There are 2 protein chains.
Amino acid sequence: MGPGPRRRPPIMTDVAKVAGVSHQTVSRVLNEHPNVSEETRTQVLRAIDLLGYRRNLVARALVTRNSRRLGVVSFDTTLYGPASTVYGIEQAARNAGYFISIVSLRTIDRARVLDAIGYLTEQGVEGIVVVAPQRSAAEALEDMPAGMPAVAVEGGRTDSVSAVSVDQVEGAVLATRHLLDLRHETVWHVSGPADWLEAEGRVRGWREALTAAGRPVPDLLAGDWSPRSGYRAGQRLAAMTDEVTAVFVANDQMALGVLRALMEQGVSVPGQINIVGFDDIPESEFFSPPLTTVRQDFGAVGRRSIDVLVRQIEMGEPYARERHVVLPRLVLRASTGTVR
Amino acid sequence: MGPGPRRRPPIMTDVAKVAGVSHQTVSRVLNEHPNVSEETRTQVLRAIDLLGYRRNLVARALVTRNSRRLGVVSFDTTLYGPASTVYGIEQAARNAGYFISIVSLRTIDRARVLDAIGYLTEQGVEGIVVVAPQRSAAEALEDMPAGMPAVAVEGGRTDSVSAVSVDQVEGAVLATRHLLDLRHETVWHVSGPADWLEAEGRVRGWREALTAAGRPVPDLLAGDWSPRSGYRAGQRLAAMTDEVTAVFVANDQMALGVLRALMEQGVSVPGQINIVGFDDIPESEFFSPPLTTVRQDFGAVGRRSIDVLVRQIEMGEPYARERHVVLPRLVLRASTGTVR
DNA sequence: CAAGCCGTTGTTAGCGCTAACAGTCTTCCT
DNA sequence: AGGAAGACTGTTAGCGCTAACAACGGCTTG
């Protein structure tokens, strides 16, 4: 049965009593204050160990006004991108000595983002990362409470908070130009949902690259990131093999759907149509055929955003709004390369 | 420029002063205490609005001893399973009025899990969910601090904490029996890493189903959940098409690798070999061919675990250890079905 | 009409901790 | 020898909030 259960966990004063010192000395040991004699420190540590004492960071936070906690507001963390970003954020935060409180929104709009920010503020977080890939979420950042350090990830062009994002336009340019370099006359595009900033950036980059090369810009096929929407787009593309030879798909999941539809219709990739995706999810390398795609370094985005946030917190109020861009890169695989 | 910046955020006493009441009355309004006159309530709410007051839940937590926060310890949340589980946990927790503090471990072992639990305890969480799919993590739960409500997800057979998990054995039995029903003489297996409880459960179910049917149990091919490891297994399987006609792969990502390798070697699925996966990730339906797989309802697991945890918290100390099992189900697609 | 009750509000103490200051005892210098 | 500086420890106040109790007025009741 072991030692009988204790009603309340030990507090600092209990430790002090056992160690024969004042509670303040215990506090000094815990906070590694320089002026504590080696002997006293040992006594205190022994008492802590004996009682199984753990300090109460809630009480500490109340007086120091810092909770060592950061808030994260994110959208659907089952998706690979957000999940990887949040993972990167968590790792970086813990390395910097902070904990993470998370709110995952099922649907995202201004009110819900503001609610989430409000809850986190009440909870006493010292700063907030908003993974805000949709326009509506990005707009909510304008109303961030004054004095709360914050950083937007994939959050568009707000001036009110710092931002870290992958250069979506550049990624789309890389993808499109790669296909043009393979002598395709033009490149079709299966886009993400219109209210997503990432989708918008990819459309823009695709259009820019085509225009810069003096090529016609075909109608875009709208998707919603899901493999199924890619599948539907693929069915339409399969019916147009005389004009379509190259497709830039806005993410790898949709690209999978496109590949599936094309295969069902007997369209050869890369024989008849070349496909480029976006994200480089772990599966892409094993699609049939393996997918040429644009890799986003989500981990870097997470780390960078914590860098910025922690710097703001430690600097105190008057900090500059920063803007960081992480560059994507093209990963070549078998879904592109054969010239018509 | 708007209103000038305030040095410190307003506190309850500020609101009280503006509303012309005591701070305790403000507290009563905030906590929806029944005995506050309608008139006073309105005054207070107006003052709160005017000042943009938000209560300090850290101070509240110090006196009430409940923080309305739960801790989650998880492993690599970029994987679909853990990510979905954590998402389910977060949604359910917020519905129940709790916030989530997360620690994502990169590598998992007894010491690290205990560290994480310790940190969360110091942070004042009221309960902890440990997503502990590896044996080493599950063992750490034996040392959970007394009095801390906790629940293990996929955590094996500890008696010291409550547990919620998917019935892995049953899932593997479903998969294996399905293949046997299709008149395959036996079923091969590509397993997950040996120290994962889920991998172990799936091996066990596969073996049981074969033995129950009086079939030979082939050597298993060891994988590590990654598509690449599946690909390597697939290469080996492709060289054995005279004996291998059916393979149960321990997750969908590896199954993708297997499919890829088989396709490269010109082995037809389901023509020559039938494949069943596990998880039902969103991509599986669009693999080539679409994958028959065992669906785990991760959302349900997350919700159930919060149910259990919240009940323990609200019940107070002497609560029973519960054990909940979520049943998986077989999803039939084109990767199985053609008899040799 | 006194006694009692109830709805409403205010006052006080204290959650567990750290900051700020105040001691005490050494040590070192002029 | 006297005093200043430094190392170490203790005492007190207070972070922002809620619990517990006290106080007050209006109402009912015998």
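What rotation superposes chain A on chain B? A rotation of 180 degrees does, with 0.0 Å of shift along its axis and an RMSD of 0.1 Å. The legends below describe views of this predicted model.

**View 1. Chain A as a whole.** Twelve helices and twelve strands make up the secondary structure of chain A. The C-alpha atoms fill a box of roughly 90 × 50 × 35 Å along the principal axes. Chain A has a radius of gyration of 26 Å, whereas a compact globule of 340 residues would have one near 20 Å. Of the 340 residues, 52% are buried. Among contacts in chain A with a separation of 6 or more, 69% join residues 24 or more positions apart.

**View 2. The axis between the copies.** Two copies of a chain are related by a rotation about an axis and a shift along it. Here the rotation is 180 degrees and the shift is 0.0 Å. The two copies are thus related as by a two-fold rotation axis. Within chain A, Ser101(A) has the C-alpha nearest the axis, at 2.1 Å. Ser101(A) also stands opposite Ser101(B), a residue of β2(B).

**View 3. Strand meets strand across the two chains.** Strands of a sheet pair through backbone hydrogen bonds, either parallel or antiparallel. Which sense do β2(A) and β2 of chain B take? They pair in the antiparallel sense, over three bridges. In chain B, this strand covers residues 99-105.

**View 4. The contact between chains A and B.** Chain A brings 45 residues to the contact and chain B brings 43. On the side of chain A that touches chain B, the elements giving two or more residues are α4, α5 (80-95), β2 (99-105), α6 (110-122), α10 (227-238) and α11 (252-264). The largest share, six residues, comes from α5(A). By class, this side of chain A has 20 nonpolar, 17 polar and eight charged residues. The copies meet through the same surface, because 96% of the interface residues of chain A are also interface residues in chain B.

**View 5. The surface near DNA strand C.** Around DNA strand C there are 25 residues. The closest are Met12(A), Ser27(A), Ala59(A), Ser22(B) and Gln24(B). Two or more residues come from each of α2 and α4 of chain A, and from each of α2 and α4 of chain B. Which element gives the most? That is α4(A), with five residues. The residues of this surface divide into ten nonpolar, twelve polar and three charged.

**View 6. The surface near DNA strand D.** DNA strand D has 25 residues around it, and Ser22(A), Thr40(A), Met12(B), Ser27(B) and Ala59(B) come nearest. Helices α2 (23-30) and α4 (57-64) of both chain A and chain B each give two or more residues to this surface. Here α4(B) gives the most, with five residues. The classes are ten nonpolar, twelve polar and three charged residues.

**View 7. Thr13(A) in helix α1.** Helix α1 of chain A spans residues 12-19 and holds Thr13(A). Is Thr13(A) buried or exposed? Thr13(A) is exposed, because 11 other C-beta atoms lie within 10 Å and a residue with 12 or fewer counts as exposed. Thr13(A) and Gln24(A) are eleven residues apart in sequence, and their C-alpha atoms are 8.7 Å apart in space.

**View 8. A four-stranded sheet in chain B.** This open sheet runs in the order β7-β6-β8-β9, with parallel pairing. Its edge strands are β7 (221-222) and β9 (274-276), and each pairs on one side only. Two bridges join β6 (residues 188-191) to β7(B). Val190(B) stands opposite Leu221(B) in β7(B).

**View 9. Backbone exceptions.** Most residues other than glycine have a negative phi, and most peptide bonds are trans. The bond between Ser288(A) and Pro289(A) is cis, with omega about -5 degrees. Pro289(A) sits in the loop between β9 (274-276) and β10 (293-295) of chain A. In chain B, the peptide bond from Val269(B) to Pro270(B) is cis, with omega near 5 degrees. Arg68(A) is not a glycine, yet has a positive phi of about 55 degrees. Arg68(A) lies in the loop between α4 and β1 (69-75) of chain A. Asp279(B) has a phi near 125 degrees. Asp279(B) counts as buried, with 28 C-beta neighbours inside 10 Å.

Conventions:
Residues are numbered from 1 along each chain as its sequence is written. Chains are lettered from A and ligands numbered from 1 in the order in which they are written. This is a predicted model: local features need pLDDT of at least 70, side-chain atom pairs count only at pLDDT 80 or more; totals for chains, interfaces and linings use all residues. The radius of gyration is taken over C-alpha atoms; the globule rule is 2.2 Å times the number of residues to the power 0.38. A residue is buried if 20 or more other C-beta atoms lie within 10 Å of its own, exposed if 12 or fewer, and partly exposed in between; C-beta atoms are placed from the backbone. Two residues are in contact if their C-beta atoms, placed from the backbone, lie within 7 Å. A residue is near a molecule or strand if its C-beta atom, placed from the backbone, lies within 6 Å of it. Ala, Val, Leu, Ile, Met, Phe, Trp, Tyr, Cys and Pro count as nonpolar, Asp, Glu, Lys and Arg as charged, and the others, Gly among them, as polar. Copies are superposed by least squares on the C-alpha atoms of residues with pLDDT of at least 70 in both. Two strands pair if DSSP finds at least two bridges between them.
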